[in-house]
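Here is my notebook page for this one.

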Amino acid sequence: MEDDHIYNSPPEVPVWPEPAGEQWNAVMGEYDQQTSTTADKRDDSFGHVTISTEDLLRQVAERQALTGDAVGKAEVAKLKREYAQDIARMRAAAENPLAPQTGEGGVLLVGLDAEWQQLDADNNWILSVQLHVPQQPCFRRAADGDEKEQQRIDRQIADLSRILYTKSPAKEDRPRLKKALIAIVTQALDHKLIQAEPERIEVVTFGGRFDLPALGDFDEIKTQVDGASGHLMTVHADTSFMLDWGEVNAEREAQRKAREEARAADAPPSTRETLILASGAGRVRIGVRFIDTMAYVPPGTSLRTVGAMIGLEKLDIDPPHSIERMAEFLQADKPAFEAYAMRDAEIAVRYFMQIQDFARERLGIERLPATASGLALRWFLDGLSDEEHMKAFGLQRVRKENYDIKKGRYISKSVVEPIPMLTIFSDLITRCYHGGRNESLTLGPTDPAVGTIRDFDFAGAYTTGLVDMPAIDFQNPEPSKNLQDFLDNKVGFALVEFEHRPDVRVAVLPVRDGDRGLVFPIKGESYATAPEIQVAHALGTRMRVLMGVYYPTADTGKPEDRLFYPFVRRVREMRDEFKREEKERAARAGDKVRKSLKEQLVKLLGNSVYGRVAQGLRPKTAYDARGQEYVDLRPSAITNPAIAAHITGFIRAALAEVLNSIPREHVIVSVTTDGFLTSASIDDMNLAGPMCTRYQQLCDWVLPGSSMLEVKHCVGQVLAMKTRGQLTTRITADQPEYVGPGKTLDEIVIAKAGVQPQVEIKRGDDPEVIRRRQNEALLDMYLARTPESQVVIRSFPGIRDQIEKGAEMIKRTRVQRMSLEPDMKRRLVNPRELQVVSRGVTHVAADSVPWATLAEFQTARACLDRFRHAHVMKTAADFTVYEKMLVEGLARVDARSQGRAVPNNSKDGPLGTLRRAFLRAAARGALGVDIDLSGPALARKLRDLGLPTNAQHVKDAGRANAKLLLYCVPREPEILAMCAVLSSAFPGADVEQLLIPAGR
């Protein structure tokens, strides 16, 4: 027969040795407990089908002979799943012979991409949908050495790819995915490229929520996919479609008759797409899984970057055509359009295939989860037994029983939940879980005299932080109010009352202020971790533990005993391996070193595990596309408040220790999670503190010889706008003493504070060129800003609007007020105007100190809201305006804390406040002298002194409900001059007590 040489028979199965020995028993033990040892797997009733150990041995032996892989628990488990699927199909066929069968032809990968042009403000004109079918394992191959036959097969596989054009811009004319997939499957069967209908088709996109809505059957698809991390893809159950061979054959017959009629009428051939259909019988259900490869790249990664990493460059659109006018491109040069369009679908699916191969070959994972973090989680858990997993994360399996009314029987299932000894303290521990530290410690341009500004990063902060995690004994927590119990590298969590030394440069203990994030005041109450308490204690902070708990750990001092060490070490080893491979490839090819796909992927996986540890600790919702509702984000298999809180606390503690070691003659510009900008060099810092020593030891464990701090960028001047907002205003020309691996001096510092400046991006532009354009554009916006300045925000609709409202993927434009004023997480001091070197203009600059209390910060933010209504902080004069508002606000804070009355703002300004305070004090004899308030004489005298007063003002001050106002009048020049006049006119009067204390 034609295909005798195509489907080779399995090789002769080697004789498997008699099952013996502890190793084999360990592999088979769990399986043998759940299976019978009957002679075969036949049971006519299909009620209980078993598989003999001998049969299983034979199947494992066959797999080993075919793949050369050693047998293990994973292989046995896989065979068990395959048998279970076979049995389920057999049982279903016996119970209902007319029921649809499940495809048995393996997995078929199809890349999907769409091209469109915006039609109007609300609608896109879908021009085409591309389906790329690459070479893949499900397709047959020619016998060894038969190159001619293989070439024929390759051509047939290539013919499976197709571009589906639309007849019009109408939504009802958009291509339907189900029809296209049936055409691919039937064509593959017709050419005997596959033996049977696929069990599952995996539709691969790069940005599924852009491409899937281009389909004519999106309304059916959208309720069968999941929304996750801003992507539309399959996370939970696969969807499916029915391949009805009756319908297929009927359509084939209709097409045959149409062709005969056309030939009889000598009519021109139809331009309508003709399906090549194979014959078959019955109905077959084929699963469909939607995969978005954007979930396997860092945020912001483009398809062009992905193509470059896999050696399949994204094609360009040559002028005069452009991405905005694709219809003209299609009409003018259809071959170029098709090449461009199909390449995007090809990049998506080939990238997925490379990830899949990597996961299978290097991680031992067959089916990829929906996201990179899911893959990272599975990789990590594969290194633990179920018992180790439960113990390490304080979990337990509990069997729960419910009665199912529909089925009329009890249903028992096993659920995983935290053990009681973790649950008891979970609220306290979760409150100690905070995000990264983000602050701007300066405002405006740095002084050019300080020299180079260096951008430091903690090496692999959160993956290294994972290694700091010893094995915790969650069964034996130790409640404690003893401060000593939270020192010396403990894993502990506490609510502490604290007061730093007043001269501390960088306060250590975090205080959360709702949506505004973390603030680090001089004193207050903090939910803190043991590492933070330890660093604060070393800085001389007074602390009292109000409530706390610490856990015993099995810390032997050996890296192998750390919970995450094997995983993190493997990540770093793989990254180094793939970096070396890329350098060797570039050297052989005489090419530049590119980002390695595998290295970038492993880096992403390593960084993803920490996120899974913290998943679900704080309330967060995600949109459920299937149910069309927002649901709470559930914890992951390794969510643990103690581990998440300890890791973030350790990073913040190490960061605070480093920052407090920097000499005060050096500027610290800003702090962002695990990095900071400073004029200090590594040699200027003291890295011998307990947290730094500990962090460096972890680095030595993970990557011997590496440094805990890396320099990312070096520039000559930085302009600090606000938290997460810094721009480069001078590029350093001198070679610094250290530059991180692969970094160049050309890279600037830019953090855009959430603003996306509109810049021209030309084809082939280097990313650094684009960053510089954005830097210059944002700098111009910042220097020219006014209280009325606005920014244009262009954004795509969310998944909810796509699902519920049918919103097209068209960027909506909205205008909002520019928000680039400092966020006041610290108190600005020492204002002066410094030159912005690249512009030759001046801008206000300031240093900062910690707020005394959280209440002071909250007042500062209220004053900022008042200030930016009519001002921006560009000059020293602007700073003075804000400072006046702040001083008044802080006086109100002091008055409230001391139980004193707080004055409302007077329409007469500070003089009006002084008048009220003076008259009320006089009415109550609080000035130390007697002043007659009867009659109009006092009002007349005060007017003559220059303080606007009338008789009603005097009368109101004497009312019983008029409270005494002390220490509330701002010390402005006009006020101080009037106080001097009043002291002279009323000798002995204590006017000083009316003024806000000096230095406030």
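I started with the cysteines: Cys699 has 4% relative accessibility, so I logged it as buried (under 20% relative accessible area with a 1.4 Å probe, protein chains only). Cys714, at 5%, is buried too.

Housekeeping: I am reading a predicted model, where local features need pLDDT of at least 70, side-chain atom pairs count only at pLDDT 80 or more, and totals for chains, interfaces and linings use all residues. Residues are numbered from 1 along each chain as its sequence is written, and side-chain values use heavy atoms, with hydrogens and water left out.

Next I looked for disulfides, taken as pairs of cysteine sulfur atoms within 2.5 Å, and the count was 0.

Then I turned to helix packing. Helices are DSSP runs (H or I, at least four residues) numbered from the N terminus. Helix 19 (residues 597–614) and helix 20 (residues 641–661) cross at roughly 125°, and their axes come within 8 Å. Axes are lines fitted to C-alpha atoms over the stretch in contact, with angles from 0 to 180 degrees between N-to-C directions. Tyr610, Val613 and Ala614 of helix 19 meet Ile643, Ala644, Ile647 and Thr648 of helix 20, contact being heavy atoms within 4.5 Å.

My last stop was helix 24 (residues 854–867) against helix 25 (residues 876–897), which pack at about 135° with axes 9 Å apart. From helix 24, I noted Cys863 and Phe867 among the contact residues, and from helix 25, Tyr882 and Met885 are included.

Definitions and conventions. Helices (H or I, at least four residues) and strands (E, at least two) are DSSP runs, numbered from the N terminus. Buried means under 20% relative accessible area, exposed over 50%, partly exposed in between (1.4 Å probe, protein chains only).
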